[in-house]
Amino acid sequence: MPLQEYRELLHLCRLCGNCRQAGNTYGAICPAGERFGFDAYYSRGRAIIAQKLLDGELEWAASVAEVVYRCTMCGGCVEQCPVEYRDHILDIFQALRTECVDRSLISPAVKRFLEAVYAYGNPWKALQERRGDWAAGTGVKRYEPVDNFLYYVGCVGSYDPRGMQIARAVADVLLAAGVSFGILGSEEGCDGNEARLLGEEGLFEHLARANIQRFQRWGVRRIMTLSPHSFHVMRHEYPRLGSRAEATHYTQQLWETLSAGRLDVSRGFRHRVTYHDPCFLGRHNGEYEAPRAILTSIPGIELVEMPRNRENAFCCGGGAGNFYAGALDGTERSPGRIRVREAREAGAEIVAVACPNCMTMLEDAVKAESLEERVAVKDIAEIVNEAIAQ
């Protein structure tokens, strides 16, 4: 909805500021607020900015857009908000971004991202026919309607070198378990989630409708995604555009497979592991237990929790296109670096992730913190792969 539709809700933020704290226990959980420290970068500050824009007390400008686009849409503020309108907080930020797009106030990095997705179907400007290259030599086949589900890999898993490794790890585990699935390969399209979160609703709908048509043409009834971001948008946004396919995240499918006894992980994985909750799997979709159940089912793993976990987990900083645009990078206060230090302080040797965007942010943070010899970042599927009995 247009920003003015939220006018009556904005005043509730002015005197609160609860979004700055996760109760009195965890400290701040807003990644932009932690990075910059000024009130404008927290949810309350953006709400005040929106109010002043509507009241004519503040002019639309690039400096306003700069603040608006520092948000990762992680939902930490929603989790802490004590008022009834909390479910609309991110809608307000979405409306702010849509207005920024309409007024051509987006940053060069965001502009490059959106233009590349529009022209190439991915932010790296890679060729569409290379989208299925990650699966070469894995035994993964083209989807058929008799398969249990379509494995939707997404842009990061299709083109980013580290993301491709994760995509293969998930496929290897499912193949080892004898699960029936397939991919669309070069016919897969961008899910459009980041375009939506960056305020380009038209581009999102174009990409989403194209995907929905593909799914219908291929007879897809169930979709398993690599990325929590894909899972989120296909679960919550695609249905309003006509999609009838059920969406699940790969950790949910993997736990279902493990709990059914279809994988032998007796080889084990003997490390102290902490799990980083992806915002779009945890806070946005309430899935906290499947990843932890997978890890605790593997012999040898000692699972330790960081103080900020589950609904109070701290964002890696990569949401809403920031894994590409890097709007929160650059200092020791960058969210990924804070998170890696938390993992190390918890005594973890391995940070387990379930999102390719989190992998990008946290591996970069490990290098920036010079912790390569002490902490490694692994996807849950990679850990399971190492634990499968040979």
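Biologist: What volume does the second largest pocket have?

Modeller: The model is a predicted one. Val101, Ser104, Ile106, Lys111, Leu114, Glu115, Tyr118, Glu200 and Leu203 line the second largest pocket. Its volume is about 190 Å³.

Biologist: Which residues are the closest to the centre of the largest pocket?

Modeller: The largest pocket has a volume of about 640 Å³. It is lined by 28 residues, and the closest to its centre are Asp87, Leu90, Asp91, Arg196 and Glu237.

Biologist: Which helix supplies the largest share of the lining of the largest pocket?

Modeller: At least two lining residues come from each of H5 (76–80), H6 (89–102), H10 (193–197) and H12 (228–236). The lining as a whole has eleven nonpolar, six polar and eleven charged residues. Seven residues make up the largest share, and they come from H6.

Biologist: Is Arg292 buried or exposed?

Modeller: Arg292 lies in helix H14, residues 289–296. Beyond its neighbours within four places in sequence, Arg292 is in contact with Tyr275, Asp277, Leu303, Glu305, Asn309 and Arg310. The cut-off for a buried residue is under 20% relative accessible area. Arg292 has 4% relative accessibility, so it counts as buried.

How values were computed:
Residues numbered from 1 in each chain as written. Predicted model: local features only at pLDDT ≥ 70, side-chain atom pairs only at ≥ 80, totals over all residues. Heavy atoms only, no water. 1 Å grid on protein atoms, 1.4 Å probe; cavity = no way out; pocket = protein on both sides within 12 Å on 5 of 7 lines; lining within 4 Å. Points joined across faces, edges and corners; volume = space filled by probe spheres on them. Helix = DSSP H or I, 4+ residues; strand = E, 2+ residues; numbered from the N terminus. Nonpolar A, V, L, I, M, F, W, Y, C, P; charged D, E, K, R; others polar. Buried < 20%, exposed > 50% of the residue type's maximum accessible area, 1.4 Å probe, protein only. Contact = heavy atoms within 4.5 Å.
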